Amino acid sequence: MEAKAVMELVNEGKMLPLMEEFYTIQGEGYHKGTAAYFIRIGGCDVGCHWCDVKESWNAEIHPPSAVETIVENAAKYSDTIVVTGGEPLTWDMNPLTTLLREKQLKIHIETSGAYPLSGTWDWICLSPKKNKAPVGDIHLRADELKVIVYNRDDLRFAEEHAAKVSENCVLYLQPEWSVREKVTPLIVDYVMAHPKWKVSLQTHKYLNIP
Ligand SMILES: C[S@@+](CC[C@H](N)C(=O)[O-])C[C@H]1O[C@@H](n2cnc3c(N)ncnc32)[C@H](O)[C@@H]1O
Ligand SMILES: Nc1nc2[nH]cc(C(=O)O)c2c(=O)[nH]1
Ligand code: SF4
Ligand SMILES: [Mg+2]
């Protein structure tokens, strides 16, 4: 296909820069412990200095894949699909989620909310970032708020976002991996003092799975 035609399909969300896809156990947040198929889409300009998938940032190194192919693959593995990245909302998620829905799959997203919400989702995990604030009404649409704690100020930042989510949104504080030994005790004390929060750990890293 001609490069221009591919670019147009990517712009429409009919092709997506696929970085990797893998069947694993959701390691984080509300659905931790549940088997799920992960679709990791390249492209993110939020620039978190501690991001654990910096290889995802440059969309151009991840080949555009047709959403039909992505979905056909995913459906073979699991009834729960987690769309992540990169920042998936960089792209129009409508074509992908429409096809996933046709297969009666449960569709979850991991997002910073830095771009407008597209697609239809069974579960939205919002993980806001200081670098690039969430846009639109994604706070009200989030099922789960998961704030990464790198230092003490992130607890203040977490409250700032908790004030914007719906009543039913589940609140998580997750240690930034490289400083986990230092911040986990902070989080433990904070959650005991403010029990509306729960602790989320990146359990897949302890399990040595993707
Ligand atoms: C790699 S991001 C991709 C999805 C989206 N860009 C986002 O940030 O939500 C997936 C999840 O991993 C979290 N994360 C990334 N790097 C991390 C780290 N070093 N320690 C803990 N969590 C991290 C993000 O906050 C997000 O919840
Ligand atoms: N097992 C596992 N669980 C995860 N939950 C969120 C992840 C992500 O990178 O979005 C992730 C991931 O990369 N692996
Ligand atoms: S928004 Fe997500 S993918 Fe982008 S840099 Fe931050 S953690 Fe990484
Ligand atoms: Mg991850």
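Which strands does helix α6 (residues 180–193) lie across?

**View 1. Helix α6 on the sheet.** Helix α6 lies across β7 (144–149), β8 (170–175) and β9. Its angle to β8 is about 150°. Axes are lines fitted to C-alpha atoms, for helices over the stretch in contact, and angles run from 0 to 180 degrees between N-to-C directions. Contact requires C-beta atoms, placed from the backbone, within 7 Å. Helices (H or I, at least four residues) and strands (E, at least two) are DSSP runs, numbered from the N terminus. This is a predicted model: local features need pLDDT of at least 70, side-chain atom pairs count only at pLDDT 80 or more, and totals for chains, interfaces and linings use all residues. Residues are numbered from 1 along each chain as its sequence is written, with chains lettered from A and ligands numbered from 1 in the order in which they are written.

**View 2. The open sheet.** Nine strands run in the order β3-β1-β2-β4-β5-β6-β7-β8-β9, with mixed pairing. Pairing takes at least two DSSP bridges between two strands. β3 (64–66) and β9 (197–199) each have a single partner strand, so one side of each lacks a neighbour in the sheet. Parallel strands β5 (residues 106–111) and β6 (residues 123–126) share four bridges. Thr-111 is bridged to Leu-126 of β6.

**View 3. Two sides of helix α5 (residues 153–162).** Asp-154, Ala-158 and His-161 are buried (20 or more other C-beta atoms within 10 Å of their own, C-beta atoms placed from the backbone). They pack against α4 (138–141), β7 and β8. On the other side, Asp-153 and Arg-156 are exposed (12 or fewer).

Conventions: Contact = placed C-beta atoms within 7 Å.
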